[in-house]
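Please examine the strands and the turns that join them in the model shown here.

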Amino acid sequence: MKNWKKRGAIIVAGLAAVGIASALVLNALNSNIALYVTPSEVAAGKTPQGTFRIGGMVKEGSVKRDNLTVHFIVTDMARDVPVSYTGILPDLFKEGKGAVVQGKLESGGHFKASEVLAKHDENYMPPEAQHALDQAKKNAGGGAGGTSGTPGKAGAYGAKP
């Protein structure tokens, strides 16, 4: 083989190795992603296949304990999803507080959780969860509110009319 053919073969083999390594890394990252959905999206059938996360509030009066299995309802104030979890719950898990549960949706709309995460601070809520709760309240309330200002008028930040 001539030198230029050897160099070309080495370059092609190197590019193939980089491509295969990239594909394997992306596949590994994709299999570990847990998408976040709201109870309203679950009720609408907009759930991914496999493992995903549901976030919202733990409905007041919904927590029922059966040995290590806990049954409760996660709500976004518009829709509810029944959840069961076998294991020890976080110390901050309480009714009326925020929670994110990871697991799989079973037949009949029941969610079997493999992990439960509780909100750690009274004043903090992830932006996605806050947006989902705001949207659910807006949709449940007939869509009133949400905008400020009068159409056709200039804004308050130095814009000229």
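In this predicted model, four residues lie between the strands of the hairpin formed by β4 and β5, and Met-77 there adopts a positive phi near 75°. Met-77 belongs to the loop between β4 and β5 and is a residue other than glycine. Most residues other than glycine have a negative phi. With a relative accessible area of 44%, Met-77 is partly exposed.

Asn-67 is located in the loop that links β3 (64-66) to β4. Is Asn-67 buried or exposed? Asn-67 counts as exposed because its relative accessibility is 79%, and the cut-off for that class is over 50%.

From β5 the sheet can be followed to strand β7 (residues 111-118), which runs parallel to β5 and is joined to it by three bridges. Here Tyr-85 stands opposite Ala-113 of β7, and Ser-84 has Lys-112 of β7 as its bridge partner.

Strand β7 also pairs with β6, in this case in the antiparallel sense and over seven bridges. Ala-99 has Ala-118 of β7 as its bridge partner. The hairpin of β6 and β7 has five residues between its strands, and among them Gly-108 takes a positive phi near 80°.

In soluble globular proteins, nonpolar side chains tend to be buried together. The largest nonpolar core comprises 19 residues, and those with the most contacts inside it are Ile-54, Phe-72, Val-83, Phe-93, Val-101, Phe-111 and Val-116. At least two residues of this core come from each of β2 (52-58), β4, β5, β6 (98-105) and β7.

Which residues does Phe-72 contact, leaving aside its neighbours within four places in sequence? The contacts of Phe-72 include Val-81, Pro-82, Val-83 and Tyr-85, as well as Val-58, Ser-62 and Val-63. Phe-93, Val-101 and Val-116 are also in contact with Phe-72. Of these partners, Val-83, Phe-93, Val-101 and Val-116 are listed, together with Phe-72 itself, among the residues with the most contacts inside the core.

Definitions and conventions: Residues numbered from 1 in each chain as written. Predicted model: local features only at pLDDT ≥ 70, side-chain atom pairs only at ≥ 80, totals over all residues. Heavy atoms only, no water. Pairing = 2+ DSSP bridges. Core = buried A, V, L, I, M, F, W, Y, C linked by side-chain atoms within 4.5 Å. Buried < 20%, exposed > 50% of the residue type's maximum accessible area, 1.4 Å probe, protein only. Contact = heavy atoms within 4.5 Å.
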